[in-house]
Structure formats: structure tokens, C-alpha cells
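Here are my notes from going through the model. Have a look at the structure first, then the points below.

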Amino acid sequence: VFPSLAKAQASVANEVYQELGQPSIFLFCPTEYCSSLCSPSPGQSCYLLTIGQELLPGIGVIWTGPKVVSQELSATLLEEVEGVLQRRPIIWDNLYANDYDCRRVFLGPYTGRAPGLMPRLCGLLLNPNCELQANFIPIHTLGSWFRSELGSCAHPGDAGIETAAALGDSQDPWQGSYSPQEALELALHDWVAEIHQQALETGR
């Protein structure tokens, strides 16, 4: 019935989206959801080009970055993805996901995401550690990053400077207002306070 997988997926997604009354949030995860799965690249992928053309504009498209678990996200890559999908992507961030190796727990700060990304995103989902309590630092530091991004959006001139720094190969991308180390220290401070409060409440 369909000439390609992409046309089939877009047709089914569009039909479901319309049948549900075109909800404000409707997410589609493509088969090629990161750069490493695209051939030869996101911008030249026939699959993604078809998805971008055929998928109704109200449907959000999920993207994980250069890889399934991406250590870095750049504005340059997001521009390329936005161009081919004809919409800003929703980042499905697997930075802390440990379901593929439950012997590991990720407790570091939210990092590797260039400042000034907010205007390039339609949204961001964080895939956390499987262990609930281990996600205090990831979520807390994500909040710090988000607040710094909102601050950059409120001052467009600063955001432009931060974005330029993020794209420069020879510059430190963390010269902007967000500091992973400071965010980590703040999260640890609040986590210790939370642990103490829980201990008092339970009488331990």
C-alpha cells in the first residue's frame, strides 16, 4: 500500500492524531531517532525527509542527539534536524538512562548541552536512572540548566554570545551562566537537607 516505511508511519500517525482530535501534545518517535541511525546523515536521510514532509505540523518528533545516549548536544546539529523535520525537535535525553546496564548509576550534573539551545527545542524529556532516589541530582541540575536557559532567552544579546561560544571549537562552551560544577554543589546541598528532613520525619 505504501511506497516506503516513512510514508506508512506518517500516514498512521496522522490518522491517529486526527482521530484523537489533534491533541496539543502528540509525540512521534521516528525509526531514525539519532544521527548514528541516519544514512548518510540527518540532513540527507530520505527517511527523515519524508517524515518531515508527510507528518502533520502539530505532531512533535522525538530526537536523542548524535547517539542513543548522547554526551553532547550542539545547536549546529539541532539546526540540521529542524531543517529536515520542518519543526523543532523534542529531545529525548538518555544522558542518565541506565536501563541498558543496571550495574551503573549516574549521579553527575546535567552537562554536555551547549548554552543557548532553548530556542532550538520544542521540548526536552529526561530519561532517568531506574532507581528513583538516584535521580535527585540529575533532575535538580537539569532545573538549574533550564533556569539559566530561560535567563538567556530573556536577554537575547547574551544568548547570542553563549550560542556563539558553544559553536566555537576552540572555546569553552560552559562560559555562559550555567556551571555544571556549581549546579552539582547546589544539588548536593539540597539533597543532604532532604535526607536529613526525611530522617527527622521517620524518627531515624
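**Notes on the model**

1. The second largest pocket is lined by Ser-24, Ile-25, Phe-26, Leu-27, Pro-57, Gly-58, Ile-59, Gly-60, Arg-87, Arg-88, Ile-90 and Cys-122. A pocket here is an open set of points on a 1 Å grid over the protein atoms alone, where a 1.4 Å probe fits, with protein on both sides within 12 Å along at least five of seven lines; lining residues have an atom within 4 Å of a point.

2. On provenance: this is a predicted model, with local features needing pLDDT of at least 70 and side-chain atom pairs counting only at pLDDT 80 or more, while totals for chains, interfaces and linings use all residues. Residues are numbered from 1 along each chain as its sequence is written, and side-chain values use heavy atoms, with hydrogens and water left out.

3. Salt bridges (a side-chain nitrogen of Lys or Arg within 4 Å of a carboxyl oxygen of Asp or Glu) number five in the whole structure. Arg-120 pairs with Glu-79, closest N and O atoms 3.3 Å apart, and with Glu-82, at 3.8 Å. Shared partners join Glu-79, Glu-82 and Arg-120 into one network.

4. Then there's Asp-93 with Arg-113, a salt bridge at 2.7 Å, N to O. Buried or exposed? Asp-93 is buried at 1% relative accessibility, and Arg-113 is buried at 0% (buried is under 20% relative accessible area, exposed over 50%, partly exposed in between, with a 1.4 Å probe and protein chains only).
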